[in-house]
2 protein chains.
Amino acid sequence: MERSLIADTVGKVGQKVRLEGWANTIRDHGKITFIDLRDRSGIIQCVGESLKRVSPESVIEIMGTISERPEKLINPKIATGSVEIQIESLKVLSPAAELPFDMGGEDLNVDLPTLLDYRALTLRHKKQQAIFKVQAVIIDAFRQALLKKDFIEFQAPSIISSVPEGGAEVFKVKYFDHEAYLSQSPQLYKSLLVGIFERVFSVNQIFRAEPSVTTRHLTEATSLDAEFGFIDSWKDVLDMEEYVIRFIFSEVEKKCSDELALFDATLPKISDKIPVLKLKEAQKIIYKRTGRDVRAEKDLAPEDEREICKWSLEEKGSDLVYISHFVTKKKPFYVSPDPEDPSYAFSVDLLGRGVEWSSGGQRLNDYKVILEHVKEWGLKEKDIELYLQSFKFGVPPLGGFALGAERVTMHILGLKNVREASLFPRDMERVDLRFSR
Amino acid sequence: MERSLIADTVGKVGQKVRLEGWANTIRDHGKITFIDLRDRSGIIQCVGESLKRVSPESVIEIMGTISERPEKLINPKIATGSVEIQIESLKVLSPAAELPFDMGGEDLNVDLPTLLDYRALTLRHKKQQAIFKVQAVIIDAFRQALLKKDFIEFQAPSIISSVPEGGAEVFKVKYFDHEAYLSQSPQLYKSLLVGIFERVFSVNQIFRAEPSVTTRHLTEATSLDAEFGFIDSWKDVLDMEEYVIRFIFSEVEKKCSDELALFDATLPKISDKIPVLKLKEAQKIIYKRTGRDVRAEKDLAPEDEREICKWSLEEKGSDLVYISHFVTKKKPFYVSPDPEDPSYAFSVDLLGRGVEWSSGGQRLNDYKVILEHVKEWGLKEKDIELYLQSFKFGVPPLGGFALGAERVTMHILGLKNVREASLFPRDMERVDLRFSR
């Protein structure tokens, strides 16, 4: 008999089925046993008499008949709550060892180290699964949004030959007789590709040798990168990003209502338009609202970001807010200064729910100006030769942005630690399992 | 005035438009100049009098009027061949330096080192662009095919903490105070995730410290990985892969007819069903057809692969052929032996047009047997702890496959070297540019 999926049992009362899945929970009432069977499509109650003992999480096959539950036993919380399976035979396909903690509850009550040390097991919990279903939808929505706008997908390389901007936070790779590095961002590649395809995006792993353990940094993360040319203004970049964000939210809302409900999560509110503040304006608002005088600072501190998000929600009805015009000299060489005041740049962060979601902006496209910046920033032309090659032969005005897939997932679902939004999080202390075991 | 795309000019004779793009070719006939303008949508002839000099590949803006070409000047080779633009004004947005070689021909006549040393420029040639448009379609088709079958996408990590099977061909990463490695394959991750999601796929970079320069190896490549559980037989894996391959071909055929035509490429033929040969059967066929006695070999040599593909096309009408039942001990520990003769395994390569496209098969899912293999293969349990954790708690019978995106692109288009199918190929001698310059 063909395997049926659990989700397909509803409405087929009286039919005999073969189901396969995991024994999610087992309630042994003496002779009668209830097994909640879980497969990729859902969960269903199965009931049988004199069954052989099955351990939770074992993979089993159940042959049985779909029957209607008595009205008062209907479980409105699950999609199959109106039916159950009368078990006729049960076969263990792959037995599970004794669980180190209870997996059956609505929440998985383990601390973060345990959650990660038992990653292959804890991911089976429905709330953990839900995180990565949402993440898959976010990532696919990012791509679909850009495909609709004529962007082409590219595969960004991870191994790079030089770190033009130096920085201790880069991983070194022994590359035959040479030293190579792991890419912190596909920025230079995506910009140079604008000279070829006009509009490009990539979903790629990025690497940062972050030497501290925080709730929002990973050493390996998934970056959603987009870049496009023939912009008329830096604001075109903001509009494109807003379009992508709205598309992502609408896909998550459409496809992940069950997952959002598990986390009591609501999608961030966006007003008619995401508000835009220059850094200086943001600093004035913070001063006015809190008395903290941050007006001479060159960046926003985490508490400033939280305050501006509060302001944005209260005054503009938006959980998201753009901050533009950061200090040119604090930004990478490729960022375009604002001609009206070149000490500030067309550099834009998107803040959401108190933290940074993305950064982006308009880039330089004038080869001569790029060469001047390279000098001023103290870089070596040889370290960015391929990038310079593109601009030497003509690249249109361009800009773009990068979203962190884990951060977006985290803040949509209200997770406390970005590690929860990475299947296999890596940090200073851990690659899969802790080094210090 | 809003920018128009070149592809949208056809049928709008008499309208005034603003076009932006690259000066693909320039033909100066004294007072009259012809410029073929290229943007992401196509190419169009523009004509003007007394224009200022523009260098090829410069980014320009043209304001002009769409006019019909005289019947005998219609160019049937391009989509906009029935019209041209009467230039009213021309502005250089980003000038190009003098080109190191001619970019205007139907083919880009440069050798491979030049092709790669000038990657940011050579990719602008329409045949180079075409390769990566086809690749983007292949990759998206892979994902769409599997999404339709209820697979979930995951992000495979690149940094790994151990190399369970050793091997010199792995890159080392300095990871804070530890040594880490770059992943050669997401195999263990995708298998362990079957214990969670049943059906998973990923598009990810893989890394091999290939110490030789060949026409078919890259040190960094894009792997298309799929894995799924609750299979009834190893043949389910072949069927799923065949479905994915057919889906990819049909998408490429639908979306890339122009790109295929540029390469005079035809999609590989598949008969009703991809033929399946056991290694031993393949060896007998080779002996019979060529007299070369390879029946005692433990693998197929490149010339054997070519011969079997010839056989497959001649005898079965299929450019693709599966080879199964490789020698168990020559395969990784996780491969499932065939119970009928455990010295051969449910391990399957897909050959296409003379070379290997993918490998896959059924994996072990019995925890005890896996542990036995780990011992027999001389591995350390600690090196694959997270993988073992999954199987300790129940994983269904499973299998999967991995396709190399560059190889599939290469063999669909008939490219000679896999480097041509990688935007930024990396090998022993090169990361972007050659080390030995």
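# Notebook: a two-chain predicted model

I began with Ser94(B), which is buried, as 22 other C-beta atoms lie within 10 Å of its own. The cut-off for burial is 20 or more, so Ser94(B) falls on the buried side. I note here that the model is predicted.

**Entry 1. Around Ser94(B).** I looked up the element first: Ser94(B) belongs to strand E6 of chain B, residues 83-94. Then I asked which residues Ser94(B) touches, not counting those up to four places away in sequence. From chain B I found Ser58(B) and Val59(B). From chain A I found Asn365(A), Asp366(A), Gly394(A), Val395(A) and Pro396(A).

Entry 2. I superposed chain B on chain A with a rotation of 180° and a shift of 0.0 Å along the axis, at an RMSD of 0.0 Å. The copies are therefore related as by a two-fold rotation axis. Which C-alpha of chain B is nearest the axis? I found that of Val173(B), at 2.3 Å. I also noted that 100% of the contact residues of chain B recur in chain A, the same surface serving both copies.

**Entry 3. The interface.** I counted 75 residues of chain B in contact with 75 residues of chain A. On the side of chain B that touches chain A, helix H3 of chain B (residues 126-148) gives the most, with six residues. I sorted the residues of that side into 40 nonpolar, 14 polar and 21 charged.

Entry 4. I looked at E9 in both copies. Strand E9 of chain A (residues 172-175) pairs with strand E9 of chain B (residues 172-175), antiparallel, over three bridges. For Lys174(A) I recorded Lys172(B) as the bridge partner.

**Entry 5. The nonpolar core.** I took the largest nonpolar core next and found 239 residues in it. The residues with the most contacts inside it come from both chains: Ile138(A), Val173(A), Ile308(A), Ile323(A), Ile138(B), Val173(B) and Ile323(B). Val173(B) had already come up at the axis. I listed the contacts of Ile308(A), leaving out residues up to four places away in sequence. They are Leu277(A), Ala282(A), Ile285(A), Ile286(A), Leu300(A), Val321(A), Ile323(A) and Leu351(A).

**Entry 6. Chain A as a whole.** I counted 11 helices and 22 strands in chain A. Its C-alpha trace spans about 80 × 60 × 45 Å along the principal axes. Of its 437 residues, 48% count as buried. Among contacts in chain A with a separation of 6 or more, 66% are between residues 24 or more positions apart. Chain A has two domains, domain 1 at 3-94 and domain 2 at 120-434. I put their centres, taken over C-alpha atoms, 45 Å apart.

**Entry 7. A three-stranded sheet in chain A.** I traced an open sheet in the order E20-E21-E22 of chain A, with antiparallel pairing. Strands E20 (426-427) and E22 (433-434) of chain A are the edges, each pairing on one side only. Between E20(A) and strand E21 of chain A (residues 430-431) I counted two bridges. Asp427(A) stands opposite Arg430(A) in E21(A).

Entry 8. Strand E17 (residues 347-352) and strand E18 (residues 355-363) of chain B run antiparallel, joined by six bridges. Gly352(B) has Val355(B) as its bridge partner in E18(B). Two residues lie between the strands of this hairpin, in which Arg353(B) takes a positive phi near 50°. E18(B) also pairs with strand E19 of chain B (residues 398-404), antiparallel and over six bridges. There I found Gly360(B) opposite Phe401(B) in E19(B).

Entry 9. I compared the surroundings of two residues. Arg353(B) sits in the loop between E17 and E18 of chain B. Is Arg353(B) buried or partly exposed? Arg353(B) is partly exposed, because 19 other C-beta atoms lie within 10 Å. Asp264(B) also has a phi near 50°, positive in a residue other than glycine. I placed Asp264(B) in the loop between helix H6 (257-262) and strand E13 (276-278) of chain B. Asp264(B) counts as exposed, because it has 8 C-beta neighbours inside 10 Å.

Conventions
Residues are numbered from 1 along each chain as its sequence is written. Chains are lettered from A and ligands numbered from 1 in the order in which they are written. This is a predicted model: local features need pLDDT of at least 70, side-chain atom pairs count only at pLDDT 80 or more; totals for chains, interfaces and linings use all residues. Domain bounds come from an automatic or database domain assignment. Two strands pair if DSSP finds at least two bridges between them. Helices (H or I, at least four residues) and strands (E, at least two) are DSSP runs, numbered from the N terminus. Copies are superposed by least squares on the C-alpha atoms of residues with pLDDT of at least 70 in both. Two residues are in contact if their C-beta atoms, placed from the backbone, lie within 7 Å. Ala, Val, Leu, Ile, Met, Phe, Trp, Tyr, Cys and Pro count as nonpolar, Asp, Glu, Lys and Arg as charged, and the others, Gly among them, as polar. A residue is buried if 20 or more other C-beta atoms lie within 10 Å of its own, exposed if 12 or fewer, and partly exposed in between; C-beta atoms are placed from the backbone. A nonpolar core is a set of buried Ala, Val, Leu, Ile, Met, Phe, Trp, Tyr and Cys residues joined through C-beta atoms within 7 Å.
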